[in-house]
Amino acid sequence: MLIHPDFDPVALHVGPFSIRWYGLMYLAGFVAGAGAARWRIKTQPWLNWTVEQVDNFLTYVVVGVIAGGRLGYVLFYKPVFYLTHPQDIIAVWQGGMSFHGGFLGVIIAGWLYARREKRRWLEVTDFVAPLVTFGLGFGRLGNFINGELPGRVTSVPWAMVFPKVDAFSRHPSQLYEACLEGLVLGFWLLWFSRKPRPMGRISALFLIGYGVFRFGVEFTREPDDFLGLLALGFSMGQWLSLPMILAGVALWFWSGKLDKMPRAAESALPLNDQRPMRDAGNDGQSRK
């Protein structure tokens, strides 16, 4: 039987301030995603992105993840509580973030950025989809360090006791999710995006991959005590993942038609506002 190390949730104390592991994991996810974005810019020139554009877009993503994740938790998991305690909605330091809400936040952020830069929306989501997985993986590691969101009771050899929860052996479901949603899905998407694909297909693969992995892992994850299992014995996470899978399958087949449309950002501009394409010599500095 394994015992959870019972980490101190605070990584560092700086005077009156404390830096928590969970916050560091979010930061690590953003840094890793930004690094992967720069790698894609250098190795995949057909994407037509620059470092400056990526930096601007990541600002949108950060706001989308935090605002969407929090509001998603409020609406999907505890709407009655927050309806009577609206002052606690902004208390993110108390915990409570929803991936599905954060995902919707990123979708909206991508749509706003696409409108601003006159890019196709799916062109933006195709670029960001492989990068999101880094945040997923590090976020689940943060859950594990905090000893929260443990798995269901089990007798498998690698079962772990979470002292903050109870004395039962449970699945370390946070590590399952970190591995599948972070490592496996991340490298799968990076491998798939190594060459040009029909517009929307990378986004479709993300929807299908995450939805399937999350739906499966939920069978080993303890349901939220204030919700329990819902219709058909599925958890809230499973019910929220099913629409992602269906949308991903539909987008996969639809993306073949979208690929017949121009992909470059310049082609989305009006004819009287076409920007001249930069040659490789003039573009070298922006791609460093």
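Which residues form a nonpolar patch on the surface? In this predicted model, where local features need pLDDT of at least 70, side-chain atom pairs count only at pLDDT 80 or more, and totals for chains, interfaces and linings use all residues, the patch consists of Leu12, Val14, Phe17 and Ile19, with about 390 Å² of accessible area together. Residues are numbered from 1 along each chain as its sequence is written, and side-chain values use heavy atoms, with hydrogens and water left out.

Such a patch takes residues with over 30% relative accessible area and no salt bridge, nonpolar side chains (Val, Leu, Ile, Met, Phe, Trp, Tyr) being joined within 5 Å and like charges within 9 Å; a salt bridge is a side-chain nitrogen of Lys or Arg within 4 Å of a carboxyl oxygen of Asp or Glu. Accessible areas come from the Shrake-Rupley method with a 1.4 Å probe, and for residues only the protein chains shown count as cover. Phe17 is found in strand S3 and is exposed, with a relative accessible area of 60% (exposed means over 50%, buried under 20%, partly exposed in between, with a 1.4 Å probe and protein chains only).

Elsewhere, Phe215 is buried at 16% relative accessible area, whereas Phe219, at 43%, counts as partly exposed. Phe215 also forms an edge-to-face aromatic pair with Phe234, 5.1 Å centre to centre and with 80° between the planes (ring centres of Phe, Tyr and Trp, the last by its six-membered ring, lie within 6.5 Å in a pair, and planes under 30 degrees apart count as stacked, over 60 as edge-to-face and the rest as tilted). Phe234, like Phe215, is buried.

Terms used: Helix = DSSP H or I, 4+ residues; strand = E, 2+ residues; numbered from the N terminus.
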